[in-house]
Amino acid sequence: MHLQLFGYPTIFLHDKRVTGFVTDKTLALLIYVAATEQTHARDYLAGLFWGDSAENKAKASLRSALYKLGQLLPGYLSITRKAVALNPEHVVTSDIAQFETGTVGDDNQLRAALALYRDDFLAGFYINDVPEFESWLLTERERLRSLAVAGWERLARHDAAQGAWAASEQAWRQLVVLEPWREEPHRHLLHALARQGKYDNALRHYAVLREQLKAELGVEPMPKTRQLMAQIALARSAPRHNLPAQQTPFFGRSQTLNLINTLLSDHAMITVTGLGGSGKTRLALEIGRTQQHRFLNGVVFVSLVALAANSPAQAVAEAVVQAMTEADMLAISTYTDSERFLAASLAKRDLLLILDNFEHVLAAAPLLDRLCRAAPQLRMVITSRERLQLHQERVILIPPLHEADAPQSPAVQLFIDAARRIQPTFAPADQIADITRIIDLVGGMPLAIELAAGWVGMQSCAAIAQQLQVGIDLLASEERNRPNRHRTIHAVLEQAWQQISAEQQTILKRLAVFTAPFTPAAAWEIADATLPLLRTLQNRTLIQAAEHRLALHPLMRQFLLLKSADNAPLHERHARYYLRHFQEISALTPNFRHNLEHITVAWQWASANDLAAIEPLISHLRNNFGDCGVDNWRFDLIQRALAAVKKQGLLHLQIKLELDVAYALFWNRNQSERALQLLEHNYALLQTRDSPEDLGWCCAQLGWYHEYHTHEYERANAYHLSAIEAYHAGGHARFEATRTVDLGNLAFELKNYAEAERYWQSAHAIFLQLEDAIGIGCAIYSLARVSMVTGDLAETHRRLKQAQQFVQYHLGLHQEVERLLGYLAALENNQHAAEAHLQKQLQLTLDEGRSEVIVEGYCALGMWARYVGCSTDADRYFDLAWQWSQRSDRPQLAAQIEAAKVLAFTPENLA
């Protein structure tokens with residue numbers, strides 16, 4: 001059954017209209033029970049509808065009405081001796097219920113709901129002598145009308161914010177019908193009509209509104225409405241904008257455009273800042289182009305570049321008045337005070353004012369504050385190399401046009417467009433990598449991208465990139481219609497340089513020692529840069545924020561290096577700061593990767609100038625960064641130091657470094673024989689030297705070699721024991737415990753589970769004494785493997801959950817724990833938990849980024865999918881594993897995937 005209750009009520013049963021209710025009270029009774037969706041006492045209903053009759057007669061009338069409803073709608077009402085309600089076993093719907101549900105939904109649901117509101121609730125339906133029902137009807141009618149008003153207003157404002165003025169117009173028209181006495185909907189309707197250029201329609205509607213207000217209330221429209229009509233009259237006769245035509249396409253910046261367009265709804269002043277050449281003017285013009293129909297009186301663009309430096313407010317006001325007059329947006333007038341005349345002119349307008357190149361007239365910034373106060377509907381977009389330092393401004397630092405990893409990216413497309421102005425047949429298909437390199441070298445600066453592209457007629461993109469690595473002189477143009485200030489990047493940066501104080505210049509030159517983002521603390525300790533100075537330089541966009549750090553634009557850094565003499569003491573301060581910092585952190589420290597480049601530069605300095613500074617870092621590098629996805633970085637550091645050590649004949653350092661080279665050769669470069677040669681050579685040297693840590697490290701690697709490569713397990717076991725003895729003799733308890741874990745691993749692989757547990761319990765005890773959280777987690781995880789193969793799944797679960805608390809910041813161990821938890825859940829037939837754990841371990845492997853562990857992650861999911869009978873998913877996971885294996889130089893990964901495809905899903909195999 002469906003009740004249509006907006007307008008005169010109509011009842012449908014199986015899509016056929018129901019008639020024959022005999023009396024309106026019978027129909028009203030049905031409507032009341034259905035609309036309230038409640039159970040009502042029969043005595044209450046009798047009194048509600050037949051309260052003017054005697055009790056017996058009222059009850060008899062109710063029985064008659066219920067009997068009739070039972071005949072017309074069999075089974076839809078639940079009628080007992082005491083109460084009446086809808087029968088929950090039958091479906092009863094109504095347009096008012098659908099309407100109420102839709103009003104709290106999304107915009108599409110709201111539109112559908114409002115379409116149901118054809119007229120007021122029960123419009124035209126009246127019952128005489130039933131005052132309580134009439135009171136309920138009027139209350140419900142007003143409530144539903146309020147929902148409709150709120151809904152239409154929500155849609156009207158939403159559509160206006162999206163620039164959908166036709167839809168907004170229709171919504172405001174509905175509100176004008178529902179609440180004709182409210183002037184605000186009329187005002188918004190006038191606004192929507194004007195936005196669409198329907199000025200005559202707006203004028204006609206205003207005339208009708210004015211006559212109605214005079215006739216019915218004897219008043220004129222409100223001042224806001226009259227002001228709006230003045231703006232509409234101006235818009236009807238004035239141009240929409242004076243934006244200069246653009247001869248080139250606009251690339252990218254969609255997120256920045258959307259942000260600024262959103263901010264313009266609530267904020268009077270948006271300042272777009274950035275270095276010269278970063279595309280501020282082009283972005284501002286694009287904002288004007290996209291927003292010209294949002295403002296009744298359009299967009300005014302004013303270039304301030306021709307004004308003298310530090311021009312006063314009067315000169316800026318004069319420039320704006322002149323631009324508006326030349327664009328026929330103001331009538332030619334005589335005035336004595338340009339600022340007062342401008343403020344008065346703008347006060348009447350709904351307008352976007354774009355002020356370009358404000359950085360050299362910053363003294364005039366208070367003028368903008370006064371204009372905002374005088375013209376509440378005025379919106380301003382200002383471009384400046386420096387923020388204005390006004391309370392109401394919202395500052396947007398223009399980001400680099402950096403997304404250069406695909407041929408269709410904005411930065412690449414800008415380069416191609418600029419190149420084809422020089423060479424129309426330019427085909428970039430085989431040069432995308434070089435173009436990307438160029439874009440990276442110029443820091444995504446649009447002007448620099450265009451200037452670099454101007455050389456494609458003379459040399460390849462690879463040659464351009466190579467020259468940019470040397471310096472910025474290449475970034476120049478001889479185009480006659482390009483402003484002098486934009487003909488070379490050097491000129492752009494020189495202009496910014498000349499506008500800062502000598503003290504700021506000194507600090508800025510010192511900051512060029514940083515090749516990557518840096519912290520304020522590092523800037524203070526290395527370059528003597530105070531926080532106030534850093535903030536001033538940031539406000540001038542000479543340095544920029546980058547993930548809670550500060551950074552120099554790469555072109556600015558190259559410019560500063562040209563200004564600076566070789567400053568050896570500053571480079572030494574930088575190196576010693578980051579070498580000390582490196583010694584205090586581990587691979588688990590969140591900011592480690594932020595400092596990779598700084599550590600590399602510091603290490604290079606120490607390799608060339610102070611090898612003694614490297615010696616304490618070799619063990620730190622070995623023990624904290626051996627398995628964290630930075631293998632190439634680590635290997636490069638070792639190789640660089642090793643070359644310097646060999647030149648100076650420092651045998652003790654050479655042994656340390658060659659042991660680390662052997663580790664990289666064996667584990668990461670598949671050069672096991674070369675690794676063995678280095679290990680055996682240094683093992684012989686260590687027999688005559690007192691270096692227990694190096695001896696232990698050498699023995700451990702020889703143990704791994706024979707365990708994983710030759711499978712001589714007794715020999716491997718002997719080396720592992722020797723490693724433990726060496727570490728114990730040297731007092732290196734942590735390494736002793738770690739090597740004890742290795743012995744447990746070997747015993748476990750040989751299925752000596754009791755022996756493995758004994759080793760791991762011993763390691764666990766040492767790690768506990770050391771309060772080494774990662775070591776504790778590793779030992780507990782290892783013990784969980786024993787529990788799993790011996791069938792104690794409850795103990796496995798307990799140990800894994802305990803290990804999980806210790807290893808959450810160690811990617812490798814964390815993913816191992818999650819993988820085993822997933823296998824365990826699958827064996828316990830909790831497939832939802834199994835998938836969750838295995839998907840988490842996959843994400844952890846992806847975060848680590850090493851191909852071999854990602855292969856393991858996909859194989860784990862493939863094994864589980866095959867186990868639960870999802871062969872399609874299993875094939876997909878194994879195929880992804882194979883794709884990742886192709887990114888690695890380890891041929892054994894393919895065999896590992898094939899083995900995983902057929903491996904039995906048993907506790908022993910999974911552990």
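**Surface, form and selected residues**

Reader: What share of the accessible surface of the chain belongs to carbon and sulfur atoms?

Author: The model we are looking at is predicted. The accessible surface of the chain comes to about 42100 Å². Of that surface, the part that belongs to carbon and sulfur atoms is 51%.

Reader: What percentage of the residues in the chain is buried?

Author: Among contacts with a separation of 6 or more, residues 24 or more positions apart account for 66%. As for burial, a residue counts as buried when its relative accessible area is under 20%. Of the 911 residues in the chain, the buried ones make up 52%.

Reader: Which cysteine sulfur is nearest to that of Cys699, and how many disulfides does a search of the whole structure find?

Author: A disulfide is a covalent bond between the sulfur atoms of two cysteines. The search of the whole structure finds zero disulfides. Because the cut-off for a pair of cysteine sulfur atoms is within 2.5 Å, Cys699 is in no disulfide, its nearest cysteine sulfur being 5.8 Å away, that of Cys698.

Reader: Is Gln431 buried or exposed, and which residues is it in contact with beyond its neighbours in sequence?

Author: Gln431 has its place in the loop between α16 (410-422) and α17 (432-441). Its relative accessibility is 17%, and because buried means under 20%, Gln431 counts as buried. Once its neighbours within four places in sequence are left aside, Gln431 is in contact with Phe426, Ser460 and Cys461.

Reader: How many Å apart in space are Ala167 and Leu155, C-alpha to C-alpha?

Author: Ala167 lies in helix α7, which covers residues 165-178, and at 31% relative accessibility Ala167 counts as partly exposed. In sequence, Ala167 and Leu155 are 12 residues apart. In space, C-alpha to C-alpha, the separation of Ala167 and Leu155 is 8.5 Å.

Methods: Residues are numbered from 1 along each chain as its sequence is written. This is a predicted model: local features need pLDDT of at least 70, side-chain atom pairs count only at pLDDT 80 or more; totals for chains, interfaces and linings use all residues. Side-chain values use heavy atoms; hydrogens and water are left out. Buried means under 20% relative accessible area, exposed over 50%, partly exposed in between (1.4 Å probe, protein chains only). Contact means heavy atoms within 4.5 Å. Accessible areas come from the Shrake-Rupley method with a 1.4 Å probe; for residues, only the protein chains shown count as cover. Helices (H or I, at least four residues) and strands (E, at least two) are DSSP runs, numbered from the N terminus.
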